[in-house]
Amino acid sequence: MGTNLALQQVSIADGGTATLETGGGNLIVTGAVSGTVGTPDLGSENLIVSAGTGDVAFQSTIDLNNVTITSGLLTVSQGMTLAGALNVTNSKNFVLEAGQDIVAASGFNVTGDVILSSGITTTNSDIAFGGNLTLSENTDISLATANGDISIDGTTSGAFGSLNETLTLAAGTGTVTLGDLFGANGTDDAGGLTDLILTSSGAATFAEIGIAGAITQSNAASGNTLFNKTVSIGNATLRGTNYTFNGFSSAGNVVIEATGNVGQIAGTNFTSSGTLDVSANSVIFSDLVTASLNLNVTNDALVTNAGALT
């Protein structure tokens, strides 16, 4: 069963590493977790939590260097400010509550499922989710790495409810790799996650997408953008280099501003119920259906369509 621990505060000696072990029991820390003021810079201390399948809860601030946690349910109520990295191995949900972001300069890595009510920021270091990511009801969540990679191996979705959520990714020149992305419960529920915004990235790779709102690349991606699976969205504004689509459907307008080539995987279709506006070096659409088509192509354009073009 292990030993349950309830601590009011954790202070770690200058430059030291504290280890909290529960043998599978639960851990709750109600007060601040930080280093003591001394010769090493504040924030040079490390924390290791080994709770096995026990639940862990931090109810106040955490200001340290590196934090490593093994737990069942992990709840962080007041964010973290880390000069180093956060590494979590969780068998239940990792819940980051509203109020304070996690700032982990040297990286953020979580193996299990995560529920976010606040954002994650690193400095030229990766953000990696090994499980599913859920955005809490009525939140706008930001994941920012400066120039690190952002990856989500599992499914990204919002909360099933009456209010919607937005996910913003800022990777600089880092790559973005996402698993499936849905509004909620595996559908394009308009009360879930509706909008995906990439303010910056290198290459971007997406799996299946089903959202009622928009995909927006605010600034041009410096690498290729690949849609590996089918996409169903409300509208899109895409800016980058080369684009490859694998079954794409938009209820509204689609704008593609590419410095390279735009094409489809053979045997798929591209549907825009609104206007499709494409600027590119070359364009190949193998099965295009759109209400209106505007092309600004430097070199070759090859378009076959199953519907009326105006």
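Reader: Of the 310 residues of the chain, what percentage count as buried?

Author: In this predicted model, 49% of the 310 residues count as buried. The chain's accessible surface comes to about 12200 Å², and 48% of that belongs to carbon and sulfur atoms.

Reader: How many helices and how many strands does the chain have?

Author: Go through the chain and you'll count 39 strands and 0 helices. The C-alpha atoms fill a box of roughly 70 × 40 × 30 Å along the principal axes. Then look at who touches whom: among contacts between residues at least 6 apart in sequence, 28% join residues at least 24 apart.

Reader: Okay, now the inside. Which residues have the most contacts inside the largest nonpolar core?

Author: That core has 73 residues, and the ones with the most contacts inside it are Leu47, Phe58, Leu86, Phe94, Leu143, Ile256 and Val262. Take Leu143 as a case. Setting aside residues up to four places away in sequence, its partners include Leu116, Ile120, Phe129, Ile152 and Leu167.

Reader: What about rings? How many aromatic pairs does a search of the whole structure find?

Author: The search turns up 10 aromatic pairs. To read one, check the distance between ring centres and the angle between planes; planes under 30 degrees apart count as stacked. Tyr243 and Phe245 are a stacked pair because their planes sit at 10°, with the ring centres 6.1 Å apart. Both Tyr243 and Phe245 are buried. They also belong to one aromatic cluster together with Phe206, Phe227, Phe248, Phe270 and Phe285.

Reader: And charged side chains? How many salt bridges does the search find?

Author: There are 2 salt bridges in the whole structure. In one of them, Asp55 and Lys92 meet through their side chains at 3.5 Å, N to O. This pair links distant parts of the chain, 37 residues apart: Asp55 is in the loop between strand 6 and strand 7, while Lys92 is in the loop between strand 12 and strand 13. Asp55 is partly exposed at 24% relative accessible area, and Lys92 is partly exposed at 43%.

Reader: Which side chains meet in a salt bridge at 3.2 Å?

Author: Those are Glu257 and Arg239. Glu257 lies in strand 35 and Arg239 in strand 32, so the pair ties together parts that are 18 residues apart in sequence. Glu257 counts as partly exposed at 36% relative accessibility, and Arg239 does too, at 25%.

Reader: Loops next. Is Ser118 buried or exposed?

Author: Buried, with a relative accessible area of 5%; the cut-off for that label is under 20%. Ser118 is in the loop between strand 16 and strand 17. Its side chain has a polar atom 3.0 Å from the backbone oxygen of Glu97, and the side chain also reaches the backbone nitrogen of Gly99 at 3.3 Å. Leaving aside neighbours within four places in sequence, the contacts of Ser118 include Leu96, Ala98, Gln100, Asp101 and Ile141.

Reader: One last thing, backbone angles. What is phi of Asn124 near?

Author: Phi of Asn124 is near 55°, a positive value in a residue other than glycine. Asn124 is in the loop between strand 17 and strand 18, and it is partly exposed at 49% relative accessible area. Another case is Ala146, with phi near 65°. Ala146 lies in the loop between strand 20 and strand 21 and counts as partly exposed at 39% relative accessibility.

How values were computed:
Residues numbered from 1 in each chain as written. Predicted model: local features only at pLDDT ≥ 70, side-chain atom pairs only at ≥ 80, totals over all residues. Heavy atoms only, no water. Phe/Tyr/Trp six-rings, centres within 6.5 Å; stacked < 30°, edge-to-face > 60°. Buried < 20%, exposed > 50% of the residue type's maximum accessible area, 1.4 Å probe, protein only. Helix = DSSP H or I, 4+ residues; strand = E, 2+ residues; numbered from the N terminus. Polar contact = N/O pair within 3.5 Å; in protein donor to acceptor, adjacent residues only side chain to side chain. Contact = heavy atoms within 4.5 Å. Areas by Shrake-Rupley, 256 points an atom, 1.4 Å probe, with all protein chains shown as cover. Core = buried A, V, L, I, M, F, W, Y, C linked by side-chain atoms within 4.5 Å. Salt bridge = Lys/Arg side-chain N within 4 Å of Asp/Glu carboxyl O.
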